[in-house]
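Open the model in your viewer and keep the selection panel at hand. The tour goes from stop to stop, with something to select at each one.

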Amino acid sequence: MTHFADLNVHCSSPPDESVRQMVETAFKLGYEVVAINRFVEELVSNKKMKRKAAKGETINYSIPEPYKPSLSEETEHLTRIRGRPLNMLSRVTVKYADPANAYKLKSPEVSKYDLLAVQPVNEKAWQHACTYLDVDIISVDLSEKLDFILKEKTIRTATDRGICFEICYGPAIRDRTARINVIANARSLIRNANSKHVIISSHTSNAFDMRGPNDVTNLALMFGMSNSFAKWTITNNCKSVLSRAGARLHGRGVVQVEKMEEPSPEPAAEPTEETGSNDEEEGVPDKKRKEET
């Protein structure tokens, strides 16, 4: 059975009632897996934090705790009727500007989240994220004019490592300029990336701008994706993201199982001529002794 997923339900800071409304709207639209995304402006190295503190500058660096809202009784009743619960996951997206701060992505605060995504903002961060970072999703802000080119070679480097790229339709709902940029950048991304490594998420600021699975599939077609892969952006490709996230959190291992053939039973050894002749020779003296007695 196909499970539709929206892996980017925007979570305000601090969380408010709108988060619960978007989660419940996603479930009513047909999604069974949602990831509540918390955004971190930028990772700052310890050295930079000390310099800012020495200058008396405010330090806004912090990774918030994962957040999962409580569902209303109506939604809980709907899950019982459908016989399938809503799977709520936690996600953190980090604005990524300086590769020197990549070690922060392995902090205990980040490891509390189910999904890890980065948003590169320059060419250097983009190249480093695609080549080296151990993340689940690379989510570029496609609603803006990019300062770097989405080159096929760089994208393929990331997809070969199992990383998925994200297209968010939320910013394009209400703003015309953002809509033009999202369509142009998304077409460029899909043209250079394997369709199996692209997901489409909402990232809307309210529940009214969320779209159902059929509408998202049509968006994928408008972005230039083939009809056979359009549905994968909210199904199979999301499942691949979750599998990669599980391997990243719990470690990777490979087990090779080989079927061993049972050894055939060895045939019983037949007495050789030498053995038989020796036995006869050994039996002669015994016979003579009996006759003498």
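**Start in the sheet**

Select Ala35: its bridge partner in β3 is Leu89. Keep in mind that this is a predicted model. Now widen the selection to strand β2 (residues 31–40) and strand β3 (residues 87–96). They run parallel, and eight bridges join them.

Show the whole sheet next. It is open and has seven strands, in the order β1-β2-β3-β4-β5-β6-β7. The pairing is parallel. Which strands stand at the edges? Colour β1 (4–10) and β7 (198–201). Each has a single partner strand, so one side of each is left without a neighbour in the sheet.

**Helices on the sheet**

Move on to helix α7, residues 176–192. Helix α7 lies across β6 (164–168) and β7. The angle to β6 is about 160°.

**A helix pair**

Select helix α5 (residues 123–131) together with helix α6 (residues 152–160). They pack at an angle of about 35°, and their axes are 7 Å apart. Show side chains at the contact: Trp126, Gln127, Cys130 and Thr131 come from α5. From α6, pick Thr154, Ile155, Thr157 and Ala158. The residues of this contact divide into four nonpolar, four polar and no charged.

**The cores**

Which residues touch the most other members of the largest nonpolar core? Pick Trp126, Ile138 and Ile167; the core has 60 residues. Its largest share, five residues, comes from α1.

Centre on Ile167. Leaving aside neighbours within four places in sequence, Ile167 is in contact with Leu142, Ala186, Leu189, Ile190, Val198, Ile199, Ile200, Ser201 and Phe223.

Then look at a second, separate core of 13 residues. Leu7, Leu89, Ala117 and Cys164 are among them.

**Last stop: Thr233**

Go to the loop between α9 (227–230) and α10 (236–250), where Thr233 sits. Is Thr233 buried or exposed? Thr233 is buried, because its relative accessible area is 0%, and the cut-off for buried is under 20%.

Draw a distance from the side chain of Thr233 to the backbone oxygen of Ala230: 2.7 Å. Finally, list what Thr233 touches, not counting residues up to four places away in sequence: Val198, Ile199, Ile200, Ala220, Met225 and Cys238.

Terms used. Residues numbered from 1 in each chain as written. Predicted model: local features only at pLDDT ≥ 70, side-chain atom pairs only at ≥ 80, totals over all residues. Heavy atoms only, no water. Helix = DSSP H or I, 4+ residues; strand = E, 2+ residues; numbered from the N terminus. Buried < 20%, exposed > 50% of the residue type's maximum accessible area, 1.4 Å probe, protein only. Polar contact = N/O pair within 3.5 Å; in protein donor to acceptor, adjacent residues only side chain to side chain. Contact = heavy atoms within 4.5 Å. Pairing = 2+ DSSP bridges. Axes fitted to C-alpha atoms, helices over the stretch in contact; angles between N-to-C directions. Nonpolar A, V, L, I, M, F, W, Y, C, P; charged D, E, K, R; others polar. Core = buried A, V, L, I, M, F, W, Y, C linked by side-chain atoms within 4.5 Å.
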